[in-house]
Amino acid sequence: MFNGGMATTSAEIELPDVEPAAFLALLRFLYSDEVQIGPETVMTTLYTAKKYAVPALEAHCVDFLTKHLRADNAFMLLTQARLFDEPQLASLCLDTIDKSTMDAISAEGFTDIDIDTLCAVLERDTLSIRESRLFGAVVRWAEAECQRQQLPVTFGNKQKVLGRALSLIRFPLMTIEEFAAGEFGVLCLTVRPSLSVVNCV
């Protein structure tokens, strides 16, 4: 960028994918070992530290996120941990979701997660929530995903955006009353058409 045959002759260097505050935090750390990150800049600073291979600053960012991990931001941080390949942070997020599942799925950030993160959570056997409530949250996620994809929020489109996530719902764990309510029965027979309603509950 600065030296060699391909060095730029411009007085300014453009870094279009790096936030100014994050790059400033990187420079401050490199020149003075000072760590200056906050809730608004930690994710962009983590991205910048990874981009320019500064593992010490990466570690500070992950430590900051770990200290501020709560049930209401666990899904958002889990998505970021998976994106940035931070398995330790991802594991802590999953533990938090396990212990406070209802609070986690009620948080605003839950409906913003990607389908792979949703499936990773649905595959777990350690969630502390009734399956019917979990499924209600999954339907809410599907409605948000339809809107993101600019699809009408219909039964068919919700089924489409959920894909394999639908097969991860443990319908047999629901009571007959829960199963009979809302979309549970229809979805169960859609996912597992060979089963009767009696067998499914």
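Ala, Val, Leu, Ile, Met, Phe, Trp, Tyr, Cys and Pro count here as nonpolar, Asp, Glu, Lys and Arg as charged, and the others, Gly among them, as polar. The structure is a predicted model. On this scheme, the lining of the largest pocket has seven nonpolar, two polar and one charged residues. The pocket has a volume of about 160 Å³. Its lining consists of Pro39, Val42, Met43, Phe64, Leu65, His68, Arg70, Asn73, Met76 and Leu77.

The crossing of H1 past H3 is right-handed. Ala25, Leu26 and Phe29 of H1 make the contact with Ala56, Leu57 and His60 of H3. By class, five residues in this contact are nonpolar, one is polar and none is charged.

A further helix pair involves helix H7 (residues 115-122) and helix H8 (residues 131-148). The two pack at an angle of about 175°, and their axes lie 12 Å apart. Angles over 145 degrees count as roughly antiparallel, so H7 is roughly antiparallel to H8. On the H7 side, the contact uses Ile115, Leu118 and Leu122. These residues meet Leu134, Val138 and Trp141 in H8. The contact of H7 with H8 has six nonpolar residues, with no polar and no charged ones.

Definitions and conventions:
Residues numbered from 1 in each chain as written. Predicted model: local features only at pLDDT ≥ 70, side-chain atom pairs only at ≥ 80, totals over all residues. Heavy atoms only, no water. Left-handed = near helix turned anticlockwise from the far one by under 90°. Helix = DSSP H or I, 4+ residues; strand = E, 2+ residues; numbered from the N terminus. Contact = heavy atoms within 4.5 Å. 1 Å grid on protein atoms, 1.4 Å probe; cavity = no way out; pocket = protein on both sides within 12 Å on 5 of 7 lines; lining within 4 Å. Points joined across faces, edges and corners; volume = space filled by probe spheres on them. Axes fitted to C-alpha atoms, helices over the stretch in contact; angles between N-to-C directions. Parallel < 35°, antiparallel > 145°, perpendicular 65-115°, else oblique.
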